[in-house]
Amino acid sequence: MTDQATADGVGRQAPVTPPDSRSALAGRLPRALHPGAWWLWALGLATAASHTTNPLPLALLIAAAALVVVRRRGDAPWAFAFRMYLILGAVIVAMRVVFRLVFGGGQGDHVLLHLPEIPLPAWAAGIRLFGPVAAEQLLGGFYDGLRLATMLICLGAANALANPKRLLKAVPGALYAVSTAVVVALSVAPQLVESVLRVRRARRLRGAARQGLRALRGIALPVLADALDRSLALAAAMDSRGYGRTAAIPAGQRALTGGLVLAGLVGVCVGTYGLLDATVPGYLGLPMLIVGLATAVAGMLLAGRQVRRSRYRPDRWRITEVVVAGCGVATAVVMAVAGSVDPVRLYPPVSPLTWPELTPLMLLVVAVAVAPAWLAPPPTLAAHRTPRPVLTAPNGTTRSSPKRDTSESEAQR
Amino acid sequence: MIDFSRVTVHYAETSEPMLRDVNLHIPEGELCLVAGRTGAGKSTLLRAINGLVPHFTGGTLHGTVTVQGRDTRSHPPRDLADVVGVVGQDPLAGFVTDTVEEELAYGMEQLALPAPVMRKRVEETLDLLGIAELRDRPLRTLSGGQQQRVAIGAVLTSHPQVLVLDEPTSALDPTAAEDVLAAVTRLVHDLGVTVVVAEHRLERVVHYADRLLYLPGDGTVIDGEPAAVLADIDLAPPLVELGRAAGWTPLPLSVRDARRRASDLRQRLADAPAPPATPPPAGLPVLAARNIVVRYPGTVAVAGVDLDLHPGRIVALMGRNGSGKSSLLWAVQGSGPRHSGTVTVTGPDGATDPKTLPAGRARRQVGLVPQTPGDLLYLETVDAECAQADRESDAPAGTCRALLDQLTPALPGDQHPRDLSEGQRLAIALAVQLTAAPQVVLLDEPTRGLDYLAKRQFTAIVRRLATEGRTVVVATHDVELVATLADRVVVMAQGEIVADGTTAEVMLASPAFAPQVAKVLAPQPWLTVDQVTAALAATRTRG
């Protein structure tokens, strides 16, 4: 009841990040960008990274992705997963170097140290364990690992910037059922883990063994029964909330769309087979594939039009989205151009050892990649500092509802 | 608004119909409470309203159910979504999306409402239920009461004229339950929504209800004014029992009603001998926990708690959801995490810490029945479970079955535990744990989903355990249960013990934990109807 005074007005609207004065487009309202734009941007960066083993542009690309993430991520849980991708990247690089060390092959003149080589039987000829370790060999592993790590980190940036589930929401209407299934499956997974943990703990209460086939049965049965109960409850809830209302569609039309999609998919199968098997007549190949695809798409479009459903606050594809996605595409294109102009600089040779070099084109690549840090609108940040919720009971008394139990009750389970 | 005309519901596997020839008319704007024992057909009745019975559950429905003129025969649940909103018992199981705002919009998306309408209704509903500050929160991180309010909001956005709630407060602490019920009554009063709600703890809802549907269990439905229906049934909240004991007609349904009539009763009780105080425990504690700390990432669940448990005592552990009750029980038993502190169980074979023992021996010191007793059971039949329990505890064959027969006589041994009622499952889990003959028995939320009769049975069971010299700790939200059962009450908040004393001390001290009888008869120290009837009998014999 003491919170009554503070609850009025204060903190009702979400605090927004202040407009960025350095931005060329300062004053834009904070909003979440279409997830597709972030993914296109990230894929562009990853494509660019795949075109080079030069550590300098790769490191700059990682830095660019990190800067964009730091400046434009929201405060949702997935937004903080970026660190995990960085760690994973470091692990990849380390693994590559260690692999080169173990299975080295020992090419190169600059031998750093001599490890005792483990002799292998004759049938394993061509594989060498340990032996002399050359700088070239380690450097090659490092370059390779860094390229892979950069690509992974770019995708991690997309994950941190855009809720992957929102991407599913943006699918066309015909695939709505599929996307719903995926969303439900994604939310069931953590529940399943939770019930496994709960049942495992409960098994200990009966003093039962924690390992072995018997333990597995003791855990699997309650967990599966739980999952089944839950999915039935979910299905009932979805049904009573109107999922799959099709009342207005005549049966004939439903059969038509179903038939079209089915025939299309069969066509695609036959076409693919025809394309791969050289002995069948030519018309069963590419033409069949195209016809099949066209039929299936037509069926889906028709089905999509029949779905009587609207979308709450859909992500719109606006000019900023085009710009951000364009930055990604441009990054990839410029890198490809750089590759055709000066391939040696993009793949610096490890033997003889040379210093990697930057070219103006590479700098341009990085500049384009990092541009969304300023071009994209700032993210909306959810209100964390709102006061306790205040409820007005029908009899006019006002009291604050307990809020602090939320995080704990989660942790308790 | 809702009409049942000669409705009979049959499920394939049972010979007796769940509902038999039911005729009902629920007019617009009523708050209608559905009561009855577990398995009496409450859920069937509720689910028949929007056609989930029989479209979703199977079975046969004779007769007609119409809601706002729509026959459920020709309208499956999805086509009634704009008229009837259904909220299930476990809100989390019914969530389709993962944030509050999307969940509120989901139903409207299915109804193909235009985007501006959806936006407006989401904002309205957020305010109506007081959940505006939760709008971006992932649903899984909400507390039980918040989840329940979001689930109600999620069906309200479709503007249904009928709201069907199946035990909306069964898992909630008293305050969270109040929040949910306050929201529901507000809907009835301000928006004229017709609400049909099933609830075991009648004392929480009955004073809001305009009508009570009582299902005695033979498939019929008794329909009428709450006070009139309650007068004749054995399923009654403490207030009604107090009213019966005091001879009030009509029976009071709210504390306010009762209190206005109680001055006479208070006078009669003024010279009655006060209820016997619980004697302080004699001897050494059987279990001594010192400075227990349990941490989870980002939160301290139990913050340095000391707890002494004496033999033969029943201790109630109370506190809101997330106050650390479960964590404390698990830490004391030794199967859950414990980051510091010691537990000493003094048994016949010396003092031990259950945490250091292998699981099989720890359960002979301290037995714990978890919040979902079904987690302990994994075999196909009751008999198999009992036999397995005997093997696990090296007990002579038949020990567990004998215990089970004491707890609930004549439970068919060839039944699958999952097919039994909540109370029967609890009895099996309890029997399984008692087979190991622990001196200390910890029960985590044992009574949720139990009706009054099952609760009465449960009370008798726990009392018997205590007279055998065992210590029982019951973590619960149920104030009335604590009043009738416990010798001592420990209240936790934020991982600490904030109150610890005899039941009378703790319960009479704070209105949040006071049972209905205490609220009516305050400042006199009566907690239960049994105490009052005993005192009345005593004064009568004296006078």
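This note goes through the structure point by point, from how it is described to the contact between its chains.

1. The structure is a predicted model, in which local features need pLDDT of at least 70 and side-chain atom pairs count only at pLDDT 80 or more, while totals for chains, interfaces and linings use all residues. Residues are numbered from 1 along each chain as its sequence is written, and chains are lettered from A and ligands numbered from 1 in the order in which they are written.

2. For chain A, the domain assignment gives domain 1 (35–168 + 317–375), domain 2 (171–240) and domain 3 (251–306), with bounds that come from an automatic or database domain assignment. The centres of domain 1 and domain 2 of chain A, taken over C-alpha atoms, are separated by 37 Å.

3. For chain B, UniProt places the feature "domain: ABC transporter" at residues 2–242 and 287–519, in an unreviewed entry; UniProt positions are given in the numbering used here, feature names are shortened, and annotations may be inferred rather than shown by experiment. Residues 2–242 of chain B are 36% helix and 23% strand, with end C-alpha atoms 34 Å apart, and residues 287–519 of chain B are 36% helix and 27% strand, with end C-alpha atoms 34 Å apart. Helices (H or I, at least four residues) and strands (E, at least two) are DSSP runs, numbered from the N terminus.

4. An open sheet in chain B is formed by 4 strands in the order 12-11-14-15, with antiparallel pairing, where two strands pair if DSSP finds at least two bridges between them. Strand 12 (299–309) and strand 15 (350–352) of chain B stand at the edges and have a single partner strand each, so one side of each is left without a neighbour in the sheet. From one strand to the next, the twist averages 20°, an angle between N-to-C directions that can run from 0 to 180 degrees, with axes that are lines fitted to C-alpha atoms (for helices over the stretch in contact). Strand 14 (residues 340–347) of chain B is joined to strand 15 of chain B by 3 bridges, and Gly350(B) in strand 15 is the bridge partner of Gly347(B).

5. Two cis peptide bonds deserve a look in chain B. One joins Val53(B) and Pro54(B), with omega about 5°, and Pro54(B) is found in helix 2 (residues 52–55) of chain B. Another joins Ala522(B) and Pro523(B), also with omega about 5°, and Pro523(B) has its place in the loop between helix 21 (516–521) and helix 22 (529–542) of chain B.

6. Positive phi in a residue other than glycine is the next topic. Asp21(B), in strand 2 (residues 19–26) of chain B, has phi near 50°, and Asp21(B) counts as partly exposed because it has 15 C-beta neighbours inside 10 Å. Asp394(B), in the loop between helix 15 (382–392) and helix 16 (399–407) of chain B, has phi near 50°, and Asp394(B) is exposed, with 11 other C-beta atoms within 10 Å. A residue is buried if 20 or more other C-beta atoms lie within 10 Å of its own, exposed if 12 or fewer, and partly exposed in between, with C-beta atoms placed from the backbone.

7. Between the chains, 67 residues of chain B are in contact with 56 residues of chain A, contact meaning that the C-beta atoms of two residues, placed from the backbone, lie within 7 Å. The elements of chain B that each supply at least two residues of the side touching chain A include helix 5 (115–128), helix 7 (174–191) and strand 12. Helix 4 of chain B gives the most to that side, with 7 residues.
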